[in-house]
Amino acid sequence: MENKTGLMKALVVMPAYNEALSVGHVVRDLKATLDIDVLVVNDRSTDETAEVAVEAGAEVLDLCCQLGAWGAIQAGIRYGLLKGYDLCITCDADGQHDVTAIPVLIRELQNCECDVLIGSCVSRGSIARHIAWKYLRFITGLSIDDLTSGFRAYNRKAMRKVGLSRASLVDYQDVSLLLILKELGITFKEIGVCMTERKCGKSRIFNSWLAVTKYMMLSSIIALCRISK
């Protein structure tokens, strides 16, 4: 199944919670860049996120309860499976991901021998982010440089694994999910992309040292439990 660009049938999955100020710009940029379907997963926003997304040309999936960023992404990927999409690309609604890189992600995923392709930008982020990356690579053995990037492309094989109920137990889509996918025989690699400053809002993980500490503790417990299995 291919679209007008000759690419396989692909869906951009965009989780959104109170992103009315930015989601419209991101959706319009996507539509202008590539002939691709966009699904905004509205995670119980209290602002006009859903209305703005629809006006910009996206389809909106309204969740009945708030699931968080990863739960919203998983719901969107399950939707993609049901609708017969060959690929899903996860992209943030805050404008930090460069949508012009999506055709590159799709083509690279189709041409390389891997199931998940991660858009990596190691130059971004705070000292806390880089400390977290280094530590998590050490305890997990994962060779991914940008472990917290949510800019990813999944082929249909990976989409099926991501949709499993065991993946619903994950709170973040980075280390925990990558470890699960590795156990299930899913392969992944990363390519360099550019990222920009968020149009609004802040990082859910790296907005304070307290948030980083909580994230590191949870990720460490999950990683150590899986490594010891």
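**Close-up views of a predicted model**

**View 1. Cover over the buried side of helix α1.** The buried residues of α1 are covered by elements that include β1 (10–16), β2 (37–42), α2 (49–56) and α4 (102–111), where contact means heavy atoms within 4.5 Å. Helices (H or I, at least four residues) and strands (E, at least two) are DSSP runs, numbered from the N terminus. This is a predicted model, in which local features need pLDDT of at least 70 and side-chain atom pairs count only at pLDDT 80 or more, whereas totals for chains, interfaces and linings use all residues. Residues are numbered from 1 along each chain as its sequence is written, and side-chain values use heavy atoms, with hydrogens and water left out.

**View 2. The buried residues of α1.** In helix α1 (residues 23–33), the buried residues are V23, G24, V26, V27 and L30; buried means under 20% relative accessible area, exposed over 50%, and partly exposed in between (1.4 Å probe, protein chains only). Because they cover an arc of only 165° around the axis, they lie on the same side of α1, the arc being that of the directions from the helix axis to the C-beta atoms. An α-helix has 3.6 residues a turn, so residues three or four places apart point the same way.

**View 3. β2 and its two parallel partners.** Strand β2 is mostly covered, with five of its six residues buried. β1 and β2 run parallel and are joined by six bridges, and L11 stands opposite D37 in β2; two strands pair if DSSP finds at least two bridges between them. β2 also pairs in the parallel sense with strand β3 (residues 59–62), over four bridges, and the bridge partner of L39 in β3 is E59. The chain crosses from β2 through α2 to β3 in a right-handed β-α-β crossover, and β1, α1 and β2 likewise make a right-handed β-α-β unit. A crossover is right-handed if, with the strands pointing away from the viewer, the path from the first strand over the helix to the second runs clockwise.

**View 4. L177 in helix α7.** L177 lies in helix α7 (residues 175–183) and counts as buried because its relative accessibility is 0%. The C-alpha atoms of L177 and A167, which are 10 residues apart along the chain, are separated by 6.8 Å.

**View 5. The protein as a whole.** The protein has eight helices and seven strands, and buried residues make up 54% of its 229 residues. Of the contacts with a separation of 6 or more, 75% are between residues 24 or more positions apart.
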